[in-house]
Amino acid sequence: MKSSKPSVSVKLRKFKPADLPRVYQVLRSAYGHQQWWPGETPYEVIVGAVLTQNTAWLNVEKALARLKEADALTPEAMRPMTRAKLAALIRSAGYHNVKADRLKNFLAFFYREYKGEIRLMSKERGSVLRRKLLEVKGIGPETADSILLYAAGKPFFVIDAYTRRIFSRHGLVPNMDSYAAWQTLFQGAVPSSRAIYNDFHAQIVNLAKRHCRASRTLCETCPLYTPSF
DNA sequence: GACCAGGCACATC
DNA sequence: GATGTGCATGGT
């Protein structure tokens with residue numbers, strides 16, 4: 001039988017939750033600290049978290065660049081903008097009308113609760129901030145956790161499509177399990193640390209982009225495959 | 001030209 | 001509670 005895909009001669013390693021700290025160490029040794037999230041300010045991180053919903057990061061970067069060019073990448077500048085103007089600037093990230101509304105919804109919340117100041121938002125207890133973020137229309141669990149971890153510095157593990165893809169492939173959890181189930185598993189297995197959750201998630205994204213795109217098979221050199229693991 | 005990408009809300013059963 | 005659908009652009 002003919003196949004265009006390269007054969008994989010190494011064995012796929014199956015992980016248990018207790019392996020996760022070691023998985024992080026292996027990735028960190030292989031690739032170094034990732035210095036994440038790509039964003040110059042916490043507010044840029046928040047905007048990026050909304051714009052990347054079901055969207056390739058490359059297209060998000062274009063939208064962020066346009067916002068920056070327009071000096072609109074601060075809460076003060078973005079808040080008075082019309083929905084139409086904002087949507088036009090973020091067009092390249094896709095779903096621009098939906099995402100313009102979501103950014104507006106976040107801004108309304110951000111000013112109502114925290115006067116538009118990251119410093120005040122970061123003082124909020126993590127569990128309380130998470131509950132409040134999830135009440136904002138357009139902020140779901142992944143976006144909320146990205147904001148919590150990367151903008152507010154709270155130890156919440158971000159479960160994204162890459163995390164599910166890689167670790168379900170490695171037999172950790174069935175891919176269809178809920179977001180909460182995945183997060184409970186990771187947070188139970190990995191010590192609660194803002195710094196570790198930050199870089200572990202970054203390592204997962206890095207790994208996925210190198211090796212685990214749905215349509216690619218480059219797994220021979222992946223550090224999570226035996227015997228390199 | 002088809003398929004995919006770091007979700008989410010909403011309708012329906 | 002589970003499943004399906006709309007939202008939209010740009011790269012491969």
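Predicted model: local features only at pLDDT ≥ 70, side-chain atom pairs only at ≥ 80, totals over all residues.

Colleague: Where is Ala181 placed?

Modeller: Ala181 is in helix H11, residues 179–189.

Colleague: OK, zooming out. How many helices and strands does chain A have?

Modeller: Twelve helices and zero strands. The radius of gyration of chain A is 19 Å, close to the 17 Å that the globule rule gives for 229 residues, so chain A is as compact as a globular protein of that length.

Colleague: What does the C-alpha trace span along its principal axes?

Modeller: About 60 × 40 × 30 Å for chain A. Buried residues account for 29% of the 229 residues.

Colleague: What share of the contacts in chain A join residues at least 24 apart?

Modeller: 65%, counting contacts between residues at least 6 apart in sequence.

Colleague: Let's pick a helix. Which residues of H6 are buried?

Modeller: In H6 the buried ones are Lys99, Ala100, Arg102, Leu103, Phe106, Leu107 and Phe110. They cover an arc of only 160° around the axis, so they sit on the same side of H6.

Colleague: Why would a spacing like that put residues on one side?

Modeller: An α-helix has 3.6 residues a turn, so residues three or four places apart point the same way.

Colleague: Which helices do the buried residues of H6 pack against?

Modeller: They pack against helix H2 (42–51), helix H4 (75–78), helix H5 (83–89) and helix H7 (118–123).

Colleague: What about the length of H6, what should its 19 residues span?

Modeller: At 1.5 Å a residue, H6 (residues 96–114) should span 27 Å, and its end C-alpha atoms are 26 Å apart, which agrees. For helix H1 (residues 20–31), the twelve residues should span 16 Å, and the end C-alpha atoms are 16 Å apart, so that agrees as well.

Colleague: What comes just after those helices?

Modeller: Just after H1, Gly32 takes a positive phi of about 80°. Just after H6, Lys115 takes a positive phi of about 55°, although Lys115 is not a glycine.

Colleague: Is Lys115 buried or exposed?

Modeller: Exposed, with 11 other C-beta atoms within 10 Å. Lys115 is in the loop between H6 and H7.

Colleague: Now the DNA. Which residues surround DNA strand C?

Modeller: Asn54, Thr55, Ala56, Leu58, Asn59, Arg91, Ser92, Gly94, Tyr95, His96, Asn97 and Val98. Helix H3 (57–69) and H6 are the elements that give two or more residues to that surface.

Colleague: Which element gives the most to it?

Modeller: H6, with three residues.

Colleague: How do the residues near DNA strand C divide into nonpolar, polar and charged?

Modeller: Four are nonpolar, seven polar and one charged.

Colleague: Asn54 is in that list. Where is Asn54 found, and what is its phi?

Modeller: Asn54 is in the loop between H2 and H3. Its phi is positive, about 50°, although Asn54 is not a glycine. With 7 C-beta neighbours inside 10 Å, Asn54 counts as exposed.

Terms used. Residues numbered from 1 in each chain as written. Chains lettered and ligands numbered in written order. Helix = DSSP H or I, 4+ residues; strand = E, 2+ residues; numbered from the N terminus. Rg over C-alpha atoms; globule rule 2.2 N^0.38 Å. Buried ≥ 20, exposed ≤ 12 C-beta atoms within 10 Å, placed from the backbone. Contact = placed C-beta atoms within 7 Å. Expected span 1.5 Å × (residues − 1). Arc of directions from axis to C-beta. Near = placed C-beta within 6 Å. Nonpolar A, V, L, I, M, F, W, Y, C, P; charged D, E, K, R; others polar.
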